[in-house]
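I opened the model to look up one residue and what surrounds it. My entries follow in the order I made them.

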Amino acid sequence: MLSNMLDLTLDVTKVGNTQNVTGFVGGNTKAFTARVSNVACSYRTITGSEQDSYGKRSIFTIHRFYVKASAANRAIIASDRITYDSDTFEIVAINNVAGKNRLLQIDCTKVE
């Protein structure tokens, strides 16, 4: 049943720092390298709204991915990025669904 649900694929990249030798002395630049590729997943978009203290209503969108909790996928951390359908997402939270190490729920925001 789980394999029927995970009918899409995504790639996960990890962040690292590289020294910028052509710009300012001692400057660092973020560099992303592959962590895991072609991970089977399921995808949902969740839209919500909240009201701040000044009465302004803000709309936010969470992109939710479900992946199998394999050893490689459990190595995904919040500073990683997800690439799905030519879009890039920053990870907000990673949850082990029901605490059974079978399925991970990864909530993200889209990088604009």
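**Entry 1: Leu-10**

I started with Leu-10, which is found in strand E1 (residues 8-20). Strands (E, at least two residues) and helices (H or I, at least four) are DSSP runs, numbered from the N terminus. The model is predicted: local features need pLDDT of at least 70 and side-chain atom pairs count only at pLDDT 80 or more, while totals for chains, interfaces and linings use all residues. Residues are numbered from 1 along each chain as its sequence is written, and side-chain values use heavy atoms, with hydrogens and water left out.

Buried means under 20% relative accessible area, exposed over 50%, and partly exposed in between (1.4 Å probe, protein chains only).

Next I listed contacts (heavy atoms within 4.5 Å). Leaving aside neighbours within four places in sequence, Leu-10 is in contact with Ser-37, Asn-38, Val-39, Cys-41, Phe-65, Val-67, Ile-82, Thr-83 and Tyr-84. For Asn-38, 28 residues apart from Leu-10 along the chain, I noted a C-alpha separation of 5.4 Å.

**Entry 2: the core**

I then looked up the largest nonpolar core, which has 16 residues. Such a core is a set of buried Ala, Val, Leu, Ile, Met, Phe, Trp, Tyr and Cys residues joined through side-chain atoms within 4.5 Å. Leu-10, Phe-65, Val-67, Ile-82, Tyr-84, Ile-106 and Cys-108 have the most contacts inside this core. At least two residues of this core come from each of E1, strand E2 (27-51), strand E3 (57-68), E4, E5 and strand E6 (103-110). In soluble globular proteins, nonpolar side chains tend to be buried together.

I found E4 joined to strand E5 (residues 87-96) by four bridges, running antiparallel. Two strands pair if DSSP finds at least two bridges between them. Arg-81 has Glu-90 as its bridge partner in E5. In the hairpin of E4 and E5, with two residues between the strands, Asp-85 takes a positive phi near 55 degrees.

**Entry 3: the whole chain**

Last, I noted two helices and six strands in the chain, in the order α-β-β-β-α-β-β-β from the N terminus. Buried residues make up 26% of its 112 residues.
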